[in-house]
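Student: I would like to go through this structure piece by piece. Where do we begin?

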Amino acid sequence: MESVRILYMEDNPGLASLVQKRMKRAGYNVDIARDGKIGLEMYLNGQYDVIAMDQEMPGYSGLEVIRILASRGPLPPIVMITGKGSETIAVEAMKMGAGDYVIKDVDGKYFETLPGIIERLLERKHLIEEKEAAEKALRESEERRRAEEQFRVLSQISPVGIFVSDADGKITYWNDRLCVITGMSTDEGKDTGWADGIHPDDREHVLSEWYEWYESAEARADFRSECRFVDRKGKVTWAIGQAVAMKDSNDEIIGFVGNITDITDLKHAEEENHHLRNYLSNIIDSMPSVLVGVDSDGKVTQWNSEAKRATGVSAADAVGHPLARIFPRLAAEMERVREAMHTREVRSDLGRIYIHDGERRYEDVLIYPLITDGVEGAVIRVDDVTEQVRLEEMMVQSEKMLSVGGLAAGMAHEINNPLASMMQTAGVMSSRLANINLPANQRAAKEIGVSTEAIRAFMETRGILRMIATINESGRRMADIVNNMLSFARKSDSSAYTYDIASLLDRTLELASTDYDLKKQYDFKTIDIVKEYDSDLPLVPCEDTKIQQVLLNVLRNGAEAMQEETGNDENGIRKGKKPCFILRLAHEKEAGSLRIEIEDNGPGMDEAVRKRIFEPFFTTKPVGEGTGLGLSVSYFIITENHGGEMSVKSVPGEGTTFIISLPVERKS
Amino acid sequence: MKSILIIDDEQAVRDSFADYFEDRLWLPIRAESAEDALDLLETESPDAAVVDVRLPGMDGNDFIRKAYPLNPETAFIICTGSPEYLVPPDLMEVPCVSDRLFKKPVTRMDNLEKEIIRTIRNIHGKEVADE
């Protein structure tokens, strides 16, 4: 045992020395202070277990020392040594916290009692200390218990799963919420059991991440991993886990604490978001229109597949670049785009003309400003309306023809009667002038003394019969014109029969091949015919004679055109290529129609002619050679009488293709 | 000699028919309206009649409806310049009315004559095969 150190404050050196010696014998170590002031300093600078002191001292008195010490903290065990008759001082000292007191007796007996007193004091101090230690331990354990309770309650009510593991990464604690997230009880999750709850596809990566992490946990800030847990019923829960290391006072890792959050809803929202994005872009991509988004600087923000198809530029290459550079055709629209964004109104440019592969095409450009707050930009929609524009042209054509037809119906009767006078009279005239065997002629000739032969000879010599023939021919052409014009007016009698268009076309070819036109000097037989007929063509409800009229008309026009281009020159030498028709028949199942194509390799026509080709009285033939009604009548027969479509494609110098579509099902 | 009634309000047309048939040894009887023709039928019984449809006053259809009961052996041929005209169904059923319609201008008078003869033969129940 360490020797007890005692500070003895005594101004009487002899007495002090005596006490020192006596105490030393009792096994105590005693330092002497000559007065209160020195004693106070020594106590504060040294390590003393007990203070013994005299009341009467220079510097501070004993009571003053006690007062000063008491003001500085807990008092050490103090023995107050007072003279006889100073018991009040002793009592005062005891009140102030001194441990005990001794009365100086003259015979010095108090030297003998002092060690006992000190012993007692020390014992008492020891007991007090022990009690305090016990109380402190109790307090600490109470505090720990409270901290643990706090943690337990916190972790119980926590919306996130909480776990604690030891330094080996084995789970030692697992809260209720974690049971819900993982579908495993606390016991099941303990140690490394938790790994069984992880979705098989995620298990490997989570485990390797976890072990890799805790082995190097000192280096890492915290652990973070995402995975799925699957409970026994197969319910999947998405979770994100985080962990940090716990360290003791020596900075040694004593374990890990972490939380696991259920992010299933978040994941679903994410998936939904993703799905929605896909769905939206799918919608945008499915649109038959070019849809392009631009920001306020005219840079591309959105680029759908139709835009890619129209430009050949992919979305990746387009987004972020100026539209005017990516899609030069729209450069002229940028002013309108700015205007639309500025006014927040839709702007449009309809029926723009552009040239694509040398072909004139039409498009509608519509600019929609984005009007949601905080979004600056516009969506540009481009629709190819070429077919529509052509259809409209055709409809205008039909309208024109119908009005021609209406007019013709009114005129026909008025024209036909004088025409009948003229032609029928001319017919009788030619019979009276040229028919030498007609009895009435012979009788009349005889009466005036000439022969019918002489009369006919005169008429022939003077060209009278030729003149009459001219009258008849002209009359016939007039009748044709009226008849053709009338076909615009007549409503079709809905045909009750269906026909095989292939054989109809073949019969028409035969008919055409007998058609040898002296004036145009063409011979149908010299034309090559290529037939490209689909097999299994459906029968088509139609008026066969009218369709034949159309086919014959187209074939005749084509033959004449090819004659100009490919026939013989004035010396009978063949010019250029051999005339050739390509005839195609196809069943267009989706459109529910039969498509007839008649392609020639004649001179073709330019855009201006192509546009007017079906117009009544439009002709490219020299005056007197064509009425300009053939194709318009054909067009009318197909579109109005049969509910079909007729169009023409042509490349100047290469040829012309007429396309006729007839509905396979009769329209009600 | 067979007689033929020509009803047409236009004189030149009427004459051209009459001249043709006269040369073919018919006896033409001209009328410029249905009313005139009906008057004529009180005294005449022609073998055939070429009837225009659009006439001043009574039209050609009504004329035939009135005339054929009077002269059931007369062959009626309708000849019109109206493009939309069709022989009315009630007249189509009458055997002495040709169902073949002739449109003016008639460029082939010989066909008209043949049809007239065919219709006359029909009325008399004769074979048509040799036509």
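Tutor: Begin with a definition: two strands count as paired if DSSP finds at least two bridges between them. Keep in mind that this is a predicted model.

Student: How many bridges join strand 1 of chain A to strand 3 of chain A?
Tutor: Strand 1 covers residues 5-9 of chain A and strand 3 covers residues 50-54 of chain A. The two run parallel, and within this pairing A:Y8 has A:A52 as its bridge partner. The number of bridges joining them is 4.

Student: In what order do the strands of the open sheet in chain A stand?
Tutor: The sheet has 5 strands, and the pairing is parallel. Strand 2 (29-33) and strand 5 (100-104) of chain A each have a single partner strand, so one side of each has no neighbour in the sheet. On average, neighbouring strands of this sheet are turned by 20 degrees against each other, direction ignored. The order in chain A is 2-1-3-4-5.

Student: Is A:I283 buried, partly exposed or exposed?
Tutor: A:I283 lies in helix 9 (residues 264-286) of chain A. A nonpolar patch on the surface is formed by A:L276, A:Y279, A:L280, A:I283 and A:M287, with about 460 Å² of accessible area together. Buried would require under 20% relative accessible area, and exposed over 50%. At 33%, A:I283 is partly exposed.

Student: Why is strand 4 of chain B largely enclosed by the rest of the structure?
Tutor: In a regular strand the side chains alternate between the two faces of the sheet. Here B:A75, B:I77 and B:C79 on one side are buried, as are B:F76, B:I78 and B:T80 on the other. Strand 4 (residues 75-80) of chain B is therefore largely enclosed, its buried residues being 6 of the 6.

Student: What is the handedness of the β-α-β crossover from strand 3 to strand 4 of chain B?
Tutor: Strand 3 (residues 48-51) of chain B runs parallel to strand 4 of chain B, with 4 bridges joining them. B:V51 stands opposite B:I78. The chain passes between these strands through helix 3 (residues 60-70) of chain B, and the crossover is right-handed.

Student: Which residue of strand 5 of chain B is the bridge partner of B:C79?
Tutor: Strand 5 of chain B spans residues 102-103 and pairs with strand 4 of chain B in the parallel sense over 2 bridges. The bridge partner of B:C79 is B:F102.

Terms used:
Residues are numbered from 1 along each chain as its sequence is written. Chains are lettered from A and ligands numbered from 1 in the order in which they are written. This is a predicted model: local features need pLDDT of at least 70, side-chain atom pairs count only at pLDDT 80 or more; totals for chains, interfaces and linings use all residues. Side-chain values use heavy atoms; hydrogens and water are left out. Buried means under 20% relative accessible area, exposed over 50%, partly exposed in between (1.4 Å probe, protein chains only). A crossover is right-handed if, with the strands pointing away from the viewer, the path from the first strand over the helix to the second runs clockwise. Patches are made of residues with over 30% relative accessible area and no salt bridge: like charges are joined within 9 Å, nonpolar side chains (Val, Leu, Ile, Met, Phe, Trp, Tyr) within 5 Å. Accessible areas come from the Shrake-Rupley method with a 1.4 Å probe; for residues, only the protein chains shown count as cover. A salt bridge is a side-chain nitrogen of Lys or Arg within 4 Å of a carboxyl oxygen of Asp or Glu. Axes are lines fitted to C-alpha atoms, for helices over the stretch in contact, and angles run from 0 to 180 degrees between N-to-C directions.
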